[in-house]
Amino acid sequence: MDEKKEAQNCWEFWNCSKENIKKCLAYKLKMGRECWMISGKFTPGKNHAPLEKRNFKYCFDCPWYKRLNPDS
């Protein structure tokens, strides 16, 4: 099965490394399904994993957000 369909948290969806997960505010706050509620945009090195895989700035442009919020 497609890994992205099976993801239960954002760090699983993005296949984040264990090192990045430990630094992630969404992980620390157990908000892997509501990570956009923490911040309206990603800031590399601050609360979020590095953005090398991501080509968006704001959470509402994130594929994970769109998957969990299809009507927004």
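Are W36 and Y65 buried or exposed? Both residues are buried. The model described here is predicted.

## Aromatic pairs

The structure contains four aromatic pairs. In one of them, the rings of F13 and W14 have their centres 5.3 Å apart and their planes at 85°, so this pair is edge-to-face. F13 and W14 are both buried. Ring pairs also bring in W64, linking F13, W14 and W64 into a cluster.

W36 and Y65 form another edge-to-face pair, with 4.9 Å from centre to centre and 90° between the planes. W36 sits in the loop between α4 and α5, while Y65 belongs to helix α5, so the pair ties together parts that are 29 residues apart in sequence. As said at the outset, W36 and Y65 are buried.

## Nonpolar core

The largest nonpolar core is made up of 16 residues. W14 and W64 have the most contacts inside this core. Two helices, α2 (10-13) and α5 (63-68), each supply at least two of the core residues. The helix that gives the most is α2, with three residues.

A search of the whole structure finds zero disulfides. C24 is in no disulfide, and the nearest cysteine sulfur, that of C10, is 5.2 Å away. With a relative accessibility of 9%, C24 counts as buried.

C62 is likewise in no disulfide. For C62 the nearest cysteine sulfur belongs to C35, at 6.1 Å. C62 has a relative accessible area of 4% and is buried.

## The loop between α4 and α5

M37 lies in the loop between α4 (25-28) and α5. The relative accessible area of M37 is 59%, so M37 is exposed. W36, in the loop between α4 and α5 as well, is buried.

Along the sequence, M37 and A26 are eleven residues apart. In space, the C-alpha atoms of M37 and A26 are 9.1 Å apart.

Technical notes. Residues are numbered from 1 along each chain as its sequence is written. This is a predicted model: local features need pLDDT of at least 70, side-chain atom pairs count only at pLDDT 80 or more; totals for chains, interfaces and linings use all residues. Side-chain values use heavy atoms; hydrogens and water are left out. A nonpolar core is a set of buried Ala, Val, Leu, Ile, Met, Phe, Trp, Tyr and Cys residues joined through side-chain atoms within 4.5 Å. Buried means under 20% relative accessible area, exposed over 50%, partly exposed in between (1.4 Å probe, protein chains only). Helices (H or I, at least four residues) and strands (E, at least two) are DSSP runs, numbered from the N terminus. A disulfide is a pair of cysteine sulfur atoms within 2.5 Å. Rings of Phe, Tyr and Trp (its six-membered ring) pair if their centres lie within 6.5 Å; planes under 30 degrees apart count as stacked, over 60 as edge-to-face and the rest as tilted.
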